[in-house]
Amino acid sequence: MKDLPARRLLLVHAHPDDESINNGATMARYAAEGAHVALVTCTLGEEGEVIPPALAHLAEDREGGLGAHRVGELAAAMGELGVSDHRFLGGAGTYRDSGMMGTEQNHRPGAFWAAGLDEAAGHLVAVIRSLRPQVLVTYDPDGGYGHPDHIQAHRVAMRAADLAADPAYEDGAEPHTVAKIYWNRVPRSVAEEGFARLRETAPDAFPGIAAIDDVPGVVDDAEITTEIDGSSYAGAKTAAMRAHATQIAVDGPFFALSNDLGQPVFTTEYYQLVRGVPGVDHGGRERDLFAGLTDAPLAPGAQT
Ligand SMILES: [Zn+2]
């Protein structure tokens with residue numbers, strides 16, 4: 001694709017809403033700076049619990065229809081972030097939300113958790129070889145917090161990156177090596193500060209307050225290689241989160257999922273580089289996912 005911008009970022013997520021919670025500020029910033037930002041979401045999130053009582057009928061154990069509704073929520077969220085390239089793995093409805101670990105939904109036909117790894121990865125290889133992103137963002141091997149679809153999204157993303165680079169994997173397209181792969185992370189100190197701020201300034205915003213271990217991807221600060229300051233895009237991130245109204249309740253700089261437990265919204269987003277060469281001298285944190293890539297020049301006027 002010759003007409004794509006010089007900088008190309010691909011994000012792989014499990015359900016609609018994960019992208020806005022984890023990477024909303026990053027996505028808005030890179031889109032605004034002229035990068036091509038592409039999102040692949042692996043399921044429609046059919047098994048999510050519904051927060052607003054007026055929409056409770058959409059739940060799978062009621063009338064159903066939540067998956068189709070969440071397609072619309074995702075599109076609205078991407079509108080808020082300025083991201084026009086968002087797709088579902090293999091096309092909408094190819095893979096179904098697998099529910100929480102240990103439930104019967106894990107093994108139902110079409111469940112993403114039960115999908116063949118190379119078959120699922122093959123859909124993503126086609127995206128990678130077409131868009132030729134320099135940077136791929138996904139979850140750690142535990143999927144951040146152990147949800148089967150998040151674990152599977154990690155496996156599919158990593159496998160697809162390997163296959164896309166392998167000339168022996170033939171699908172009619174040219175091989176492509178993703179230069180840098182990142183996992184979503186939150187440094188423990190930042191999570192602690194965020195919860196302290198929530199307790200001080202809005203202790204009653206939600207029925208309860210989450211624990212640090214409820215936040216996906218929390219690790220010791222030393223694991224963090226990269227931080228992306230998206231504070232200029234805080235409004236876009238919270239607007240995108242609000243667009244996922246069945247799943248997220250937003251109150252100022254805080255939010256809750258269907259468990260009603262408040263959490264901070266992070267507008268600086270953190271990553272661990274797990275493949276590729278860091279673009280900074282040892283010791284420092286990268287401030288740009290494309291740092292050090294000679295084929296990914298900054299867009300004119302972009303901030304570093
Ligand atoms: Zn999810």
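**Loops, burial and a zinc site**

Modeller: Aspartate 260 is found in the loop between β10 (254–256) and β11 (261–264). Those strands are DSSP runs of E, at least two residues long, while helices are runs of H or I with at least four, and both are numbered from the N terminus. This is a predicted model, where local features need pLDDT of at least 70, side-chain atom pairs count only at pLDDT 80 or more, and totals for chains, interfaces and linings use all residues. Residues are numbered from 1 along each chain as its sequence is written, and side-chain values use heavy atoms, with hydrogens and water left out.

Colleague: Thanks! Why is aspartate 260 called partly exposed?

Modeller: Buried means under 20% relative accessible area and exposed means over 50%, with partly exposed in between (1.4 Å probe, protein chains only). Aspartate 260 has 36%, so it is partly exposed. Its phi is positive, about 65°, although it is not a glycine.

Colleague: On to the metal. What makes His15, Asp18 and His150 donors of the zinc ion?

Modeller: Donors are N, O and S atoms within 2.8 Å of the metal (3.2 Å for Na, K and Ca), and sites may look incomplete because water is not among the atoms. His15 (ND1), Asp18 (OD), Asp18 (OD) and His150 (NE2) lie 2.1 to 2.5 Å from the zinc ion. In sequence, the donor residues are spaced H-x2-D-x131-H.

Colleague: Why is the site of the zinc ion called irregular?

Modeller: Four donors count as tetrahedral if all angles lie between 85 and 135 degrees; four count as square planar and six as octahedral if opposite donors are over 155 degrees apart and all others between 65 and 115; anything else is irregular. Here the angles among the four donor atoms run from 55 to 144°, and the site is irregular.

Colleague: Are histidine 15 and aspartate 18 buried or exposed?

Modeller: Both histidine 15 and aspartate 18 are buried. Histidine 15 has a relative accessible area of 6%, so it is buried, and aspartate 18, at 8%, therefore counts as buried too. Histidine 15 lies in the loop between β1 (8–13) and α1 (18–32), whereas aspartate 18 is found in helix α1.

Colleague: What makes the 2.8 Å pair of histidine 15 and aspartate 149 a polar contact?

Modeller: A polar contact is a pair of N or O atoms within 3.5 Å; within protein, one must be able to donate a hydrogen and the other to accept it, and residues adjacent in sequence count only if both atoms are side-chain atoms. The side chains of histidine 15 and aspartate 149 are joined by such a contact, at 2.8 Å.
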